[in-house]
Amino acid sequence: MFRLQIIHHIILILAICCGTATGAQTNTVPTAEIGEEHSLIPVENFAEPPFIEEPQLSPDGKRVAVFVQTSGEKRIGILDIAAKHGEDLRYYSIAKKQLNWFKWAGNSRLLISTGIKFSLPPLFYSAGGFGRLDVETGDVISLNEKSLLDRDSIIHIDPSGRYIVAYQYRARSSGPYAVRIDLATGSEVVVQKPQRGIDRWLADANGNIRAGIGYTTKKWRLYYRKSVADDFVKIESRRYSQMQDDVVDNIVFLPEEGKAIIVANSRTGRFGAYDYDIAEDIIGAPIFEHDIADVTDLIIGNDKRLLGVKYDAEKPGQKWLDAGLTKIQARLDKSLRGKENRILSFSDNRDTILFWSGAGADPGSYFIFKPAESRIEQLLVPFDKIDPGKLSRMKSVSYLARDGLTVSGYLTMPKYAGEKPLPAVILPHGGPFSRTSWGYDPWVQFLADRGYAVLQPNFRGSTGFGRNFVERGYGEWGAGMSNDIDDGTKWLISQGIADKDRICIMGASYGGYAALWGAIRSPDLYRCAASLNGVTDVRAMLKYDRRQFAARRYARRWKEKVAGQEKKDLAAISPVQQAARLKVPTLVMQGEKDDNVPKKQADDFLEAIEEAKVTGVEKLYFPNSGHDLSSGEDVLAFFKAIEKFLAKHNPTDRNSAATAN
């Protein structure tokens, strides 16, 4: 509690009047010259999780709800903005529940997504649902006792917070039910029974079920009705093309009858937002298309109108389609030059704006902006032990892969280091159908602080850059994807940035696989490797959970996405079956409670290493963590293990001195 009091009393007042910025340089920190003496940031500071996450402003602008980390527990916190003391923050725990997300429903109620993870060895399962928290009384009720597992989805929230409409799967049901749930009592009424072929219901701006979408491995179908009194009619049935994923990601009804927005990738190969005539299945004029990136989300107001879109290009961005919010964004950007300023939420009358301001080398802070008063107040600091002035700059880069494909990524150069070429760490992302985004990353900043240049490549198959780039990754596990990573390493060397004899590769999940596979197939390129929860047996992993091998938006024909249309010998690209080829020092780390990549993957690899009499492999298991290191002790142990391992096998002047002390 004391910690929040300190944070809450930091108030930053900036004038924002008539387009003039004052105090805009208050956060500027002089950049030190390379080679300047500088003490290391304590490893404990990087291991500390953010104190608060995902703040959301209530519709009346009077409260902010946040996730709070206290005593190793993730809780809900409610902060009254007008409060004068940090002790006014109220905490709420949801007993024995894993908190996933929350949303405001009116001004005094929060919808909370929860989950409980349990095991039936050798597999792990999660049972989830959602509940309602009354922030006035602290009363919590469950809202989906009849549904199964994680298949719940809220499709309409009454702006006043009286009720929600959700679809949910029940025992032995052939499809989802749609129910209206009273948020005062938790009672529910079925408003739509399952219909064969429909996997997802869509509600209009008033909460009426007006459409449904069904998916198979070969096609998708759209059903629609003009009113709740009419029957559903199949509007369209589309077969996926041989190797192209033409996907409808979202359809949102607008308040005007017959008008909707569709998020689809059929026009350009990238997801864009378009006008949509749902009754005629006609995609109309573009609302927003990005030149290189997918639309990642729509920003819908409480009045159900489209206010803007989100995308992730070189940096995550927002494009406001609302004139008032466009002006507010411009005022923030002009006052806080040199920072990325993202509006997160705002009151219905827009007299209070909640936004984040930060950079790739700055975890940032959360602020409240009062447009009428032309002032900004710093509200919450998520990483209060990190000094942005000591962090290293992250920049966007690109290079050509061996087949001519342009691969983008991010390069972080250590702020305090010796002369180039430098020791380096290659850090491929997980997924693999995911991506690295611009922003503060404690792994990256920890490595840079220890003196390493860090490259994070968005290899082929990475999402966010359109369908074609994703499809370039199909069947490229251990091949084209790894080629892109190796080519990025060679690019670093050719640019004089990395010392060719001092490069290690590390990562988590698929990134852990890429690290192990990189060390096995390219021992002359990598001096060492470190893997956290990495896949080691591709075929076994496919049998365990096929969802890990496809992008969420492209979740069809999953076998092709791993092995390709021509079946690949998965043993030939699996570290377990190729363990005898490992020649460089390797650190294998695994969360014992991992339900994404099970512990058996690490066990089998270490057993294969032992049978092949391979030396130089170290192991570290985290008993209290799953796929994402959730235990504070385990996170700290991870950072310390990485620091020790790299200092031993790929030292810099900075980390070798630290470990010596």
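A disulfide is here a pair of cysteine sulfur atoms within 2.5 Å, and by this rule the predicted model contains one disulfide.

**View 1. The disulfide between Cys504 and Cys528**. The sulfur atoms of Cys504 and Cys528 are 1.7 Å from each other, and the link is right-handed, with 90 degrees about the S-S bond. Cys504 belongs to strand 34 (residues 498–508) and Cys528 to strand 35 (residues 528–532), so that the pair, 24 residues apart, links distant parts of the chain. Both Cys504 and Cys528 are buried.

**View 2. The packing of helix 6 against helix 7**. Helix 6 (residues 480–494) packs on helix 7 (residues 510–521) with the axes 10 Å apart and at an angle of about 75 degrees; because angles of 65 to 115 degrees count as roughly perpendicular, the two helices are described as roughly perpendicular to each other. Helix 6 contributes Met481, Ser482, Asn483, Ile485 and Asp486 to the contact, while helix 7 contributes Tyr510, Ala514, Trp517 and Arg521. Sorted by class, the residues of this contact are five nonpolar, two polar and two charged.

**View 3. Confidence along the chain, with residues 1–36 and 118–126**. The mean pLDDT of the chain is 84, and 83% of the residues score at least 70. Confidence is highest in strand 33 (residues 453–458), at a mean of 98, and lowest in strand 2 (residues 20–21), at 30. Over residues 1–36 the pLDDT stays under 50, and the model has 72 contacts beyond four places in sequence for this stretch. Residues 118–126 also have a pLDDT below 50, with 18 contacts beyond near neighbours in sequence. Where pLDDT is low, the predicted coordinates should not be read in detail.

Key:
Residues are numbered from 1 along each chain as its sequence is written. This is a predicted model: local features need pLDDT of at least 70, side-chain atom pairs count only at pLDDT 80 or more; totals for chains, interfaces and linings use all residues. Side-chain values use heavy atoms; hydrogens and water are left out. Helices (H or I, at least four residues) and strands (E, at least two) are DSSP runs, numbered from the N terminus. Buried means under 20% relative accessible area, exposed over 50%, partly exposed in between (1.4 Å probe, protein chains only). Axes are lines fitted to C-alpha atoms, for helices over the stretch in contact, and angles run from 0 to 180 degrees between N-to-C directions. Angles under 35 degrees count as roughly parallel, over 145 as roughly antiparallel, 65 to 115 as roughly perpendicular and the rest as oblique. Contact means heavy atoms within 4.5 Å. Ala, Val, Leu, Ile, Met, Phe, Trp, Tyr, Cys and Pro count as nonpolar, Asp, Glu, Lys and Arg as charged, and the others, Gly among them, as polar. pLDDT is the predictor's confidence in each residue, from 0 to 100.
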